[in-house]
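Work through the two exercises below with the sequence and the structure open beside you. Try each task before you read its solution.

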Amino acid sequence: MKQLKYLKILSFAKTTLEDYNNWGETEVYKASQELSNNKTILEEQQKTFTVKPLNAKEQLDNLRQQVKDCKGCPLCKTRLNAVFGEGFENADLMFVGEGPGYDEDHKGEPFIGKAGQLLTKIIEAMSQTRDTVYIANIVKCHPMIDPSNPEKRENDRPPTPSEMQVCKRYLDMQIDIIKPKIIVTLGASSTKGLLNNEDPISKIRGTLQEYNNAKLIPTYHPAALLRNPSLKKFVWEDMKKVMHFLSTGEI
Ligand code: URA
Ligand code: SF4
């Protein structure tokens with residue numbers, strides 16, 4: 001806006017000076033030429049200032065910065081790194097876990113510990129990679145049983161409903177930007193956090209749900225599969241539904 005006003009003033013000044021020039025004032029003529037040059041420079045600058053819409057990657061980068069600086073809940077005080085999420089900015093398939101654990105907190109990347117390695121295998125068994133899907137959590141900072149000790153292992157806990165409530169806005173914005181066709185919630189926390197549904201995960205898993213214009217299928221958390229490998233077959237059943245939907249558009 002300021003630039004526009006400046007342009008108008010310049011243009012007015014130029015016309016006035018040109019009028020003077022008709023009276024033969026050489027100095028005034030020079031000044032008028034200079035103003036005219038400035039106007040051209042300003043117009044060029046104006047072109048580069050016109051707002052270009054940000055692409056999905058740029059929007060995610062901006063949001064990542066906001067999350068890095070977020071002090072929205074007490075988890076900000078003890079996190080080593082906020083864990084924003086990673087993957088393809090236009091992914092059709094998005095996985096949503098509960099929150100960073102020890103390894104994720106230390107490295108700032110989602111699902112890289114033991115449960116994360118199992119998730120990577122599941123993704124690869126679906127003929128995808130971590131770079132073709134998007135992986136995020138409903139809470140971006142590490143929920144700890146003993147918050148005074150981020151260096152302690154086995155110190156993870158699920159996020160509380162209020163932590164999820166506050167942090168979910170970032171996940172919602174990620175979903176708005178990425179526009180996945182289908183979301184897989186991993187475990188009870190992210191499923192409850194997104195759907196406000198009190199059904200146990202054993203009941204709701206594999207059922208078709210909707211969230212923010214995307215289909216959603218809840219399944220077990222990979223950490224649950226590490227504790228109880230007999231659950232793997234259910235996750236595979238659920239992932240087959242997801243693959244079928246992605247290849248046919250039908251569920
Ligand atoms: N568990 C989660 O829910 N998310 C992670 O990023 C890692 C482990
Ligand atoms: Fe902010 Fe979410 Fe981290 Fe809480 S968990 S500080 S809301 S980014």
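In β4, isoleucine 183 is the bridge partner of methionine 94. The model is predicted, so local features need pLDDT of at least 70 and side-chain atom pairs 80 or more, whereas totals for chains, interfaces and linings use all residues. Residues are numbered from 1 along each chain as its sequence is written, chains are lettered from A and ligands numbered from 1 in the order written, and side-chain values use heavy atoms, without hydrogens and water.

**Exercise 1.** Find which strands pair with β4, and decide whether the residues on its faces are buried or exposed.

*Solution.* Start with strand β2 (residues 93–97), which runs parallel to β4 and is joined to it by four bridges; strands pair if DSSP finds at least two bridges between them. Next, β4 pairs with strand β6 (residues 214–219), again in the parallel sense, over five bridges, and here leucine 216 is the bridge partner of isoleucine 183. Finally, Ile182, Val184 and Leu186 on one side of β4 and Ile183 and Thr185 on the other are all buried, where buried means under 20% relative accessible area with a 1.4 Å probe, counting protein chains only.

Terms used: Buried < 20%, exposed > 50% of the residue type's maximum accessible area, 1.4 Å probe, protein only. Helix = DSSP H or I, 4+ residues; strand = E, 2+ residues; numbered from the N terminus.
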